[in-house]
Amino acid sequence: MPTYSPGEIADKTGFSLDTLRYYERIGLLDDIARTPGGQRIFDDDDIAWLGILRCLRDTGMPIAQMRRYADLTRDERTLRERVELLEEHDREIGRRLEELAAQREHIRGKIRYYRSLDAAGGPE
């Protein structure tokens, strides 16, 4: 299995080196291998894990929930709890999407209004 330096992982995942160190410090990244000189080395499994962390972060999951999820993945007996946590997050994403759709429609209404003013010659 190929291995990657921290810089290569940062390039592949879009996470900064500081974020990678922070995620390791708070327990989101676990058991990161090291070279004999102490430099972190990552593999494809780490890239896959960082992919789910990116998805959770980008969809607004709080760090505390991300840590809970990471802790749950380390215990094979927590499948049900993992599903529940992800379902809860999915419901929150759905709620936010509905809110954004309503806000988007409001903005589109304002755009239509301004275009109608412009087409009519606008206010003097």
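What is the handedness of the crossing of α4 and α5? In this predicted model, the crossing of these two helices is left-handed. The helix α5 spans residues 79–119, and it packs against α4 at an angle of about 155 degrees, with the two axes 9 Å apart. Because angles over 145 degrees count as roughly antiparallel, α4 and α5 are roughly antiparallel to each other. On the α4 side the contact is made by Gln65, Arg68, Tyr69, Leu72 and Thr73, and on the α5 side by Glu81, Arg82, Leu85, Leu86 and Glu88. Sorted by class, this contact of α4 with α5 holds four nonpolar, two polar and four charged residues.

Two of the residues in that contact can be followed individually. Leucine 72 lies in helix α4 and has a relative accessible area of 5%, so it is buried. Leaving aside neighbours within four places in sequence, leucine 72 is in contact with Thr78, Glu81, Arg82 and Leu85. Leucine 72 and arginine 82 are ten residues apart along the chain, and their C-alpha atoms are separated by 6.4 Å. Glutamate 88, on the other hand, is placed in helix α5, where its relative accessibility of 43% makes it count as partly exposed.

By class, the contact of α3 with α4 comprises seven nonpolar residues, one polar residue and one charged residue.

In soluble globular proteins, nonpolar side chains tend to be buried together. In this model the largest nonpolar core has 20 residues, of which Leu20, Tyr23, Leu28, Leu29, Leu50, Leu53 and Met66 touch the most other members. The elements that give two or more residues to this core are α1 (6–13), α2 (17–25), α3 (44–58) and α4 (63–73), and α4 gives the most, with four residues. Leucine 50, one of the residues that touch the most other members, is in contact with Ile9, Thr13, Phe15, Leu20 and Leu29 when residues up to four places away in sequence are not counted.

Which residues does glutamate 24 touch, not counting those up to four places away in sequence? They are Leu29, Ile32, Arg34 and Arg40, and among them Leu29 also belongs to the largest nonpolar core. Glutamate 24 has its place in helix α2, and its relative accessibility of 19% falls under the 20% limit, so it counts as buried.

Is aspartate 31 buried or exposed? With a relative accessible area of 70%, aspartate 31 is exposed, and it is found in the loop between α2 and β2 (33–34). Most residues other than glycine have a negative phi. Aspartate 31, however, has a phi near 55 degrees, a positive value in a residue other than glycine.

Note on methods: Residues numbered from 1 in each chain as written. Predicted model: local features only at pLDDT ≥ 70, side-chain atom pairs only at ≥ 80, totals over all residues. Heavy atoms only, no water. Core = buried A, V, L, I, M, F, W, Y, C linked by side-chain atoms within 4.5 Å. Buried < 20%, exposed > 50% of the residue type's maximum accessible area, 1.4 Å probe, protein only. Contact = heavy atoms within 4.5 Å. Nonpolar A, V, L, I, M, F, W, Y, C, P; charged D, E, K, R; others polar. Axes fitted to C-alpha atoms, helices over the stretch in contact; angles between N-to-C directions. Parallel < 35°, antiparallel > 145°, perpendicular 65-115°, else oblique. Left-handed = near helix turned anticlockwise from the far one by under 90°.
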